[in-house]
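Please keep the structure open beside them as you go.

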Amino acid sequence: MAIRMLQHRSRAPARGATLPRLLARLEALEPVQPTQAPADLLGDWLDWQRAVALSRALDDVPQAPEPEAAEHAGMTPDGTASACGPDAPAALASGVLERRAALVDAIEDDARDWTRPLRPRPGEDGMGAAAGAGAVQRHCQGLQRDLQSAVGRLRGELREQLARRGDGPARLAAVDAVMEGLLAPREHALLVPVVPALVARFERLHALNAGADAGADAGAGAAAPVAPAGWRDRFRAEARQVLLAELDLRFQPIEALLAALRSPGPDA
């Protein structure tokens, strides 16, 4: 039954496909269409140890939560509020939305030109390709680490909430834990190249527009106003699109766990 559900869901458009499309656009490549359904790929990725763990998660009867833990089943993901009863799912969703909004704000923050280092090396103005590439790498890797850390915490916290809500949700939490262990290394391997792709894009644009940077600096003291090098603005906009698509991809398991928590009934 689980395989049939996976196959049915695989027919729906995958929002996560936005990220590979954007990365292909950076490289001026045509996106590669998948040749296998997700359920088929999962079958290839499951080794016997993972298969046994997944089978146990599907078949075992979850243990009943401790009375003290059950009292806190309505706690929000950040642990700062408790909302038992019918308002609990709304409180949980609010906590998740706040964390997501904070991540979106960090990605969209354009208060400074982060394609230039904050502290250029002595004798440099920070406009060179190497200085810019290093600044882009540090900025994007920092955001990517924040995404990975926040999503990992949220996913674990939401699983704890599910585990306290009856056999059905507890089983789903156990299955999600196994699936995270199965897919996390592959997800990491697929998302690590995102930042190098952005750095390579910056380097190509820098090579094409080095004259624009020089013109902008030379015109800083001229009588007539000179527009800044707009290619850096465009690159930052491209990078934000890519990082927001990565956020959307990473948050899909969170949204699924939230949907399960909103489902009515003790074993929904």
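1. Let's start with a helix contact: Asp 248, Leu 249 and Arg 250 in α10 meet Gln 252, Pro 253 and Ile 254 in α11. Contact here means heavy atoms within 4.5 Å, and helices are DSSP runs (H or I, at least four residues), numbered from the N terminus. By class, this contact of α10 with α11 has three nonpolar, one polar and two charged residues. For the classes, Ala, Val, Leu, Ile, Met, Phe, Trp, Tyr, Cys and Pro count as nonpolar, Asp, Glu, Lys and Arg as charged, and the others, Gly among them, as polar.

2. A word on the basis: this is a predicted model, where local features need pLDDT of at least 70 and side-chain atom pairs count only at pLDDT 80 or more, while totals for chains, interfaces and linings use all residues. Residues are numbered from 1 along each chain as its sequence is written, and side-chain values use heavy atoms, with hydrogens and water left out.

3. On geometry, α10 spans residues 230-250 and α11 residues 252-262; their axes come within 4 Å and cross at roughly 40°. The axes are lines fitted to C-alpha atoms, for helices over the stretch in contact, with angles running from 0 to 180 degrees between N-to-C directions.

4. Which residues touch the most other members of the largest nonpolar core? They are Leu 158, Leu 198, Phe 235, Val 242 and Phe 251, out of 42 residues. Such a core is a set of buried Ala, Val, Leu, Ile, Met, Phe, Trp, Tyr and Cys residues joined through side-chain atoms within 4.5 Å; buried means under 20% relative accessible area, exposed over 50%, and partly exposed in between (1.4 Å probe, protein chains only). Helix α7 gives the largest share, 10 residues. A second, separate core of seven residues includes Val 175 and Leu 182.

5. Do look at Arg 155, in helix α7. Arg 155 counts as buried because its relative accessibility is 11%. Not counting residues up to four places away in sequence, Arg 155 touches Asp 176, Glu 180, Pro 253, Ile 254 and Leu 257.

6. Lastly, Ala 200 lies in helix α9. The C-alpha atoms of Ala 200 and Glu 27 are separated by 9.0 Å, although 173 residues apart along the chain.

Methods. Helix = DSSP H or I, 4+ residues; strand = E, 2+ residues; numbered from the N terminus.
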